[in-house]
Amino acid sequence: MSELANNFGRRLHYLNADYGVKSWLLTRDHKRIALLYLASISLFFALGGLMAVGIRLELATPGADLVQPDTYNRLFTMHGVLMIFLFLIPSIPATLGNFLIPLMIGAKDLAFPKVNLASWYVYNIAGLFTLWAVAQGGVDTGWTFYTPYSTTYSNSYVVATALGVFTVGFSSIMTAVNFIVTIHRMRAPGLTWFRLPLFVWAHYATSLVIILGTPVVAVTILMVAAERILRIGIFDPALGGDPVLFQHLFWFYSHPAVYIMILPSMGVISELITAFTRKRIFGYKFIAFASVSIAVLGFLVWGHHMFLSSQSVYAGAVFSVLSMLVAVPSAIKVFNWTATLYKGSVSWDTPMLYALGFIGLFTIGGLTGVMLATLGIDIHVHDTYFVVAHFHYVMVGGAIMGYLGGLHFWWPKITGRLYPVFWSKFSAIVIFVGFNLTFFPQFLLGYLGMPRRYHVYPADFQVLNVMSSAGATILGVGYLIPLFYFFWSMRYGERADRNPWGAIGLEWMTGSPPPTHNFHEPPTVDWDAYAYLPDTPGGTGEAWDAAKPTSEAPEHG
Amino acid sequence: MAEIHAPGLAHHFDSYQQQKEAAFFGMWVFLATEVLFFGGLFCAYLVYRSANPEAFAAGSRELDIVLGAINTAVLIGSSLTMALAVHAAQVGKRKMIAAWMGATILLGGTFLGIKVVEYSHKIHEGHFPGPNFVWHGPEVNVEMFFNVYFLMTGLHALHMIIGIGIMLVLIPLAWKGRFTPESHNYVEGFGLYWHFVDIVWIFLFPLLYLLDVG
Amino acid sequence: MKFWPEQSPLFPERATEIAREVDAIYFFGLGIATIFSLLIAVLVVYFAVRYRRRHPDEVGEREQAPAWLELVWSIIPLGILLVMFAWGADVFFKARRAPADAVEYYVTGKQWMWKFQHPQGAREINDLHVPVGVPVKLIMTSEDVIHSFWVPEFRVKMDVLPGRYTTLWFEVDRPGIYRIFCNEYCGVEHSLMRGSVIAMEPADYEEWLGGGQPLTALTRTGEQVFAEKTCNTCHKDEAAALGPSLTGLFGTEREFQDGSRTIADENYIRQSILEPRAHLVMGYQALMPTFQGQVDEEELTLLINYIKSLQD
């Protein structure tokens, strides 16, 4: 049997190298693990989405028509828990990051393949705990688990859910340790730090946040469970505890967690913008350092969730000014992406539509974040629908747009197949329109006076709520279309060649799909990232010659 | 492309050196996570101690400094035996690896045994936090000290138990000669973990036992 | 400031001076956000059209990122952000610091209702009558979980926590009925934990206070509770008293045996009643027993109110 072909004479790659359930469930191949993750997180995304449907249906009318208040509270809580802990946090790192980091740095695999597989099992165990909690009746504390409500007053399955959140943290930590070590120790010869794709930089920054933040929320959840089960007083003032300490510890992780969700997406966008302008990114080092400074500053701003929680006004002022500082690296990124378009060769392929949408939506999300960090505005809009709109612009408009853009970009690499152009562009536009219709009215609602987590609301808020519910329907349809054509493409899609977009990057120099050990010849790199022109710094023309769509060069892989 | 791999070298590494560097670096990164894990508890300790200084002093006086000091010595001793096990691995004495790890388990077990004695005293005196907590002194909120005490030492003990479990797996492997001077990353990596658990105790002992001394 | 209409379907009525200030910075922020969002959107669309790919193997032109440009688009936003911060902090400090002459009302949050107590002793549930043109300070606590008190028309809100006091103040400038929302998720009926602030002309308010409203006059005063709990056996205005005198205590600085100091505010008095040994005042022994579980939130409120009234 040839190294390059299987029994049927087809080119051998990671998907056909081995068959059977066992070959998947015991795989140590980062690419297969990425696909296992893709299946798992898609399930939880769908579940979280269903809960969102319930929420928006209930809020279409001001009264309590569809569900009881208790049920509604469980719906929004489970929506948050599933979407944040089981979908958004692992979404890009565990799928695209897992698949691409070894390819992008020219390694055969991640440093610890067994740990990588174990992380997927740990993730699923966490998912089972959470599903168990849902099956029993769910949890009603809000995803923030504020004490003493969560430890003393809630009559729902707090501990089961907490166990799920606690466990999924370990899965994140395993992935993050793997990424950090792999990026440090396993880069191909010649691939220096400043030649790395920005996707890798973004994941490096994300991994730092994960390893430093996640353990804190883990131990905090442990304390919540201890207080709830054993009645050991830690956070409940009736037992001598301090409920605000919980908020400090919780947000010390959960604010950086926002960056865990958005940084990888920013990394995807940097790849998309360069590939679809065929241009070296504007301000490479600025974007790379912006990722790291967002990760570092992200640890210093948790108090901006607590301006009104009884912390002193001076603490509030400090956290406010620090939060303003985080906006600077974010602004640097947006400006550099925009500047990259200037005099580029801008293609309007589907992934690029997502990237352009991301820039717009993330800008709105970021700027409304600045408004929330402004003390004098937060005193009015804190914990209202303004906040809900803001973080959905960042999480859905930012993180999920990046995730879908990345999935469309690397889909031919992952599966070796193309997807229908019309439907993919159509769904990108539907998602963009549906998203804005869903969440833009919520900014107005929040300023008008609608608090978040409200099951029933005064009738004068109805018009905007109906707009939001209508938008959610469109958004839901937008998310369903890719589900269909991705499944379709796996079997019927046109075969993709090694580099369908004409993009530069080590992952495009090997086959689609890549062979099990990624490269038949271990690559060496002597060009900078995105060296589309010979006179780009470090560019020799070699990279572009290899990537050019018209080139008939034999496949490396 | 080398089809035949050197023993103990995983396919995706180019050399023992790279594999070793990756393993240690990974361990250090993991330990950074552990520092933050205990960090959350240390933070709670600081907050509650500064809010209840008298209660913490009173609670601390209830702890047995002699047992705590013995345990500190025992644990430092176990770090020494662990270091000797690592040395044995470096020079390739497979039986000595197993022997020194066995000694480490014994010392770790002694530590846990003394801890059980301490715990049972406290539980017997009604100092286990929760609805049945009893405190006869005038200080308020002493229970908070014992909350923190049991959480911190409990998590520390859990780390010791996990460590002993890992050694029980490593000893037979060492006996079979699985670890060579070129490739014994599990032994050295585990050594780092064990020393870390020791260091946590070095912080816990004064913070919990020696609050009111001097 | 009246650059914009007082009434609009897109923002709530402004019934306090703070509301105008919050709106001013909000519109400033909104303006900045709009300008930058539009700038980015227009540039993105313009570049995407102007430089669209015309041949399949076309490559973008080389652009060296000049460092000065990166500096410009870091420093200009930073400047704007610092203006936002400073202005916002200024408004926030004003909104959080009650004037010294504010009239104090006590608020207790409870799943799922608001209980109010007027300085004159009247009590209400979910409705709070206040006079217009008078600064009103709410001293708030919770009997169970965390709540948050918000009146959109006043543009102020504050969390209401169990086990401590937080404050919020407003001065309503026109009579009307304004909605109170609980703004921190507090359980099943969170969205029904609402109420109204009913702002009245001072004369109407006086009439309402004295009139036939269903207000229950205080059955007990703080002084009575003070005697019932036998606080007065130790806390006397005598040199030989076992406890420190409480006359003139409120608002003064206390010095403790461990050398620390604090200003005697509501939270200090609360803690001194519930955990007397947390801070021992210079010159006194640790004799006072804890009243944790002996006094309820209402009695605490009465006691604190009474101690505050003991001025020279």
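The notes below treat chain C as a whole and then ring pairs in chain B.

This is a predicted model, in which local features need pLDDT of at least 70, side-chain atom pairs count only at pLDDT 80 or more, and totals for chains, interfaces and linings use all residues. Residues are numbered from 1 along each chain as its sequence is written, chains are lettered from A and ligands numbered from 1 in the order in which they are written, and side-chain values use heavy atoms, leaving out hydrogens and water.

**Chain C**

- Chain C contains 6 helices and 12 strands (DSSP runs: H or I of at least four residues for helices, E of at least two for strands, numbered from the N terminus).
- The C-alpha atoms of chain C occupy a box of roughly 95 × 55 × 40 Å along the principal axes.
- Of its 312 residues, 49% are buried (under 20% relative accessible area, with exposed over 50% and partly exposed in between; 1.4 Å probe, protein chains only).

**Aromatic pairs**

- Over all chains there are 91 aromatic pairs (Phe, Tyr or six-membered Trp rings with centres within 6.5 Å; planes under 30 degrees apart are stacked, over 60 edge-to-face, the rest tilted).
- B:Tyr149 and B:Tyr209 are edge-to-face because their planes stand at 70°, with ring centres 6.4 Å apart.
- B:Tyr149 is in helix H5 (residues 142–175) of chain B and B:Tyr209 in helix H6 (residues 185–209) of chain B, so this pair ties together parts 60 residues apart in sequence.
- B:Tyr149 is buried at 0% relative accessibility, and B:Tyr209 is buried at 1%.
- B:Phe190 and B:Trp194 form a tilted pair, 6.0 Å centre to centre with 35° between the planes.
- Both B:Phe190 and B:Trp194 lie in helix H6 of chain B, 4 residues apart, about one turn of the helix.
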